[in-house]
Amino acid sequence: MIGFAGLSHLGIVSSIAASSKSKEGVVAYDPDAALCGRLKAGDFPIFESGLAELLKAAGSRIEFTSDASRLKKCSLIYFSPDTPTDPENRPDFSTLHRLFDSVLAVLSGGCTLVVLSQVPPGLTRGLSETMKKKPNWAGQKIYHQVETLIFGNAVERALKPERFIVGCADPAAALDAPYEAFLKSFGCPVFKMRYESAELSKMSINACLVAALSVANSLAEICEKTLADWREIEPVLRADRRIGQYAYLSAGLGIAGGNIERDLVAIREMAREWGTDGSVIEAFLANSRHRKNWALKMINEQLTPAGPKTVIALWGLAYKADTRSTKNSPALALLQNLSPFSVRVYDPQATLDQKLFPQAVQAGSALEACRGANILAIMTPWKEFFSIPPAKIQEALASPAAVLDPFGVLDSAKCTKLGLKYFRLGVKSEGGGNL
Amino acid sequence: MIHHGHAVSQKPSRVVILGGTGFIGRNLAKNLEAAGVEVRTVSSAEVNLCEAGSSDILAGLVKKNDTLVMASAVTPDKGRDSRMQIKNFVMGQTLCDFLEKSSPAHVIYLSSDAVYDDALALANEASPSAPSSFYGVAHLGRERMLSDVLKKQGTPLLVLRLSILYGADDPHKSYGPNRFFRTAAAEQKITLFGNGEEKRDHVFVKDACRLITRCAERQSRGLLNVATGISVSFGDIALKVQTLFQGKVRIETTPRANPVTHRHYDIAALLETFPDFRFTPLETGLAETLKEIRQIS
């Protein structure tokens with residue numbers, strides 16, 4: 001059997017995905033009894049496409065429990081708690097340490113441990129030392145497996161990973177049999193390496209993604225000042241084998257979600273500690289802050305003479321489509337700065353915290369949010385927004401009105417033809433000036 | 001980034017403006033008075049901050065509940081050397097001597113974007129302060145002096161770093177809209193350095209004063225750049241002035257002595273602080289300036 005300790009977003013998706021691979025089944029443990037109760041009932045605190053169906057298919061092969069002793073049945077146990085961060089995106093690993101100690105105290109050895117939560121270089125080696133000092137655990141092995149969860153696409157990534165990256169005490173030694181058998185069932189390459197290399201490889205992946213994204217954002221901003229269009233340049237870069245078709249080249253509103261920011265901060269802190277050059281990381285963070293305010297700047301430029309009486313429709317609260325996570329979401333950052341205005345919000349999944357944003361109301365539909373609004377800001381590119389005809393939007397909005405569509409959800413030509421002032425990332429607006 | 005002491009605007013009981021008869025001081029006094037705020041302007045003739053003993057005179061002028069605006073400085077048109085810097089330091093020290101003994105409710109220091117490196121093309125409040133001129137060093141030094149003394153006193157300090165201001169009654173002769181208006185009227189010509197390629201962020205003085213008034217009303221503290229977020233080249237400004245004079249002004253270019261530098265602002269912090277604040281479009285501000293210049297003359 002396979003065990004999971006810590007039912008974070010990562011833990012929930014990974015444990016349910018594992019249940020489709022393990023004939024013996026999965027024990028999914030979390031000290032939060034209420035959370036386990038919700039999961040047993042199929043009530044997810046997260047949104048991931050396909051997750052409910054996967055859980056249904058797992059049936060009795062997965063057991064959610066708040067009793068750590070149920071993990072005794074497992075020969076392989078993953079640790080997958082969430083790592084909270086402070087407002088400066090600095091991680092706090094105390095949850096992982098507490099969970100690790102409490103689980104090991106209940107069990108009596110005889111199983112392989114895997115740290116699945118993302119950790120900085122050296123942390124798994126530290127846990128290994130801690131483990132060796134505990135009775136019954138001296139001869140056991142602990143690994144670090146790099147998580148490559150992508151919010152919104154987590155189920156597919158968990159079922160069909162491109163590769164596994166495994167940090168080991170001795171990369172030359174074979175993996176423990178139950179662990180090797182489980183990884184083998186996915187039929188993808190396994191990269192074995194030192195603990196620290198594995199731990200740093202996840203940060204390296206994220207830094208590379210941000211590098212591409214920062215380049216895209218920097219050049220898209222130049223496009224906004226010239227007659228170039230970033231959407232015409234993007235495919236050229238994707239066709240270049242040195243860059244690649246899956247590179248993060250779509251212009252966006254900075255970095256959001258929390259995990260990548262956390263990694264950048266971690267790399268910056270390591271560079272500061274070791275005296276290496278971390279200036280490029282500082283530049284990524286500064287560029288992200290700069291681009292996050294694109295919509296705020298546009299709204300200021302487009303304010304009607306009505307000033308504070310301006311009504312703003314905001315589509316999307318989640319930091320990206322197909323998730324209900326709003327961590328570091330550009331939509332929330334924008335909403336925070338719209339206190340003088342009335343705002344009507346719509347998101348297919350995320351819920352508005354009315355206490356934090358008393359000037360905003362949550363509408364029941366995208367078009368309802370638009371009724372009489374002077375400005376529409378589409379902050380998350382949810383699929384359902386793509387199919388809303390611009391004519392319906394124009395009908396619902398006040399006249400004149402502006403549409404801020406950073407990700408190009410709507411047909412810009414149709415919007416302009418309907419008399420809407422249209423703005424998106426990476427291209428100069430044809431309808432500049434004020435409403 | 002700045003924070004507000006008052007969640008909603010509250011009229012300050014009184015605002016004392018040091019440098020109250022200067023370009024910004026006069027405009028600020030007008031704006032505050034129009035908002036119904038009691039104002040006490042203090043000129044250098046009344047209190048010369050460069051002179052010893054001035055701090056005692058200030059003690060007799062400034063009350064505990066006052067908002068104190070420091071708008072007084074020796075500007076580069078009166079010298080660009082280290083003597084100008086030292087004079088500004090002395091003025092700052094005099095003010096600090098007063099503030100060590102007395103605590104007004106709120107202090108607003110009008111600083112300058114000269115605290116940034118001249119080569120810095122995109123500035124925000126997080127940009128490093130690395131002044132290229134003695135004037136910039138003077139303002140940065142005074143910011144630090146005030147910050148140090150007011151921190152000890154627990155008095156809220158707001159530092160506003162002003163970009164280039166323009167307006168009808170600007171006595172300075174520095175390069176930009178004010179000089180262009182003056183030479184356009186007197187000599188029917190505007191002389192540009194090179195082709196006037198340098199882009200700068202020009203702020204209408206009345207906008208700057210509206211913003212300072214809002215900061216006084218909210219008892220804001222921290223650091224904020226005062227810029228519009230839109231930079232325009234001197235060449236384009238010359239063309240706009242030429243248009244305002246119905247084309248009866250010629251624009252002359254001169255050989256360039258210095259390399260072209262640009263200065264833009266990311267004004268996200270300002271928008272986050274005052275999301276509904278709007279700057280006057282440059283064309284409108286220039287037209288209004290010319291109208292007022294003609295009324296004055």
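1. A word on terms before anything else: domain bounds here come from an automatic or database domain assignment. Keep in mind, too, that this is a predicted model. For chain A, that assignment gives domain 1 (2-188), domain 2 (202-292) and domain 3 (294-423).

2. Domains 1 and 2 of chain A have C-alpha centres 30 Å apart. They do touch: 9 residues of domain 1 of chain A and 7 residues of domain 2 of chain A make up the contact. If you look at the domain 1 side of that contact, you'll find 4 nonpolar, 3 polar and 2 charged residues.

3. Now the chain A sheet. It's an open one with 8 strands and mixed pairing, running β3-β2-β1-β4-β5-β6-β7-β8. β3 (62-65) and β8 (190-194) of chain A sit at the edges, each pairing on one side only. From one strand to the next, the twist averages 25 degrees.

4. Two details on that sheet. Strands β1 (residues 2-5) and β2 (residues 26-29) of chain A are parallel partners, joined over 4 bridges, and Gly3(A) stands opposite Val27(A) in β2(A). Helix α8 (residues 195-225) of chain A packs on the sheet, where it touches β6 (142-145), β7 (164-168) and β8 of chain A. The direction of α8 makes about 140 degrees with that of β7(A).

5. Over in chain B there's an open sheet of 7 strands, again with mixed pairing, in the order β1-β12-β7-β5-β4-β2-β3. Its edge strands are β1 (2-4) and β3 (39-42) of chain B. The twist averages 20 degrees from one strand to the next.

6. With 20 residues at 1.5 Å a residue, α3 should span 28 Å, and its end C-alpha atoms are 29 Å apart, so the two agree. Which residues in α3(B) are buried? Among them are Met84(B), Met91(B), Leu95(B), Phe98(B) and Leu99(B), along with Gln85(B) and Asn88(B). The buried residues of α3(B) pack against α2 (54-61), β4 (67-70) and α4 (134-153) of chain B.

7. Last, the contact between the chains. Chain A puts in 12 residues and chain B 8 residues. On the chain A side, helix α12 (residues 294-302) gives the most, with 3 residues. By class, that side of chain A divides into 5 nonpolar, 6 polar and 1 charged.

Conventions: Residues are numbered from 1 along each chain as its sequence is written. Chains are lettered from A and ligands numbered from 1 in the order in which they are written. This is a predicted model: local features need pLDDT of at least 70, side-chain atom pairs count only at pLDDT 80 or more; totals for chains, interfaces and linings use all residues. Ala, Val, Leu, Ile, Met, Phe, Trp, Tyr, Cys and Pro count as nonpolar, Asp, Glu, Lys and Arg as charged, and the others, Gly among them, as polar. The expected span of a helix is 1.5 Å times one less than its number of residues. A residue is buried if 20 or more other C-beta atoms lie within 10 Å of its own, exposed if 12 or fewer, and partly exposed in between; C-beta atoms are placed from the backbone. Two strands pair if DSSP finds at least two bridges between them. Axes are lines fitted to C-alpha atoms, for helices over the stretch in contact, and angles run from 0 to 180 degrees between N-to-C directions.
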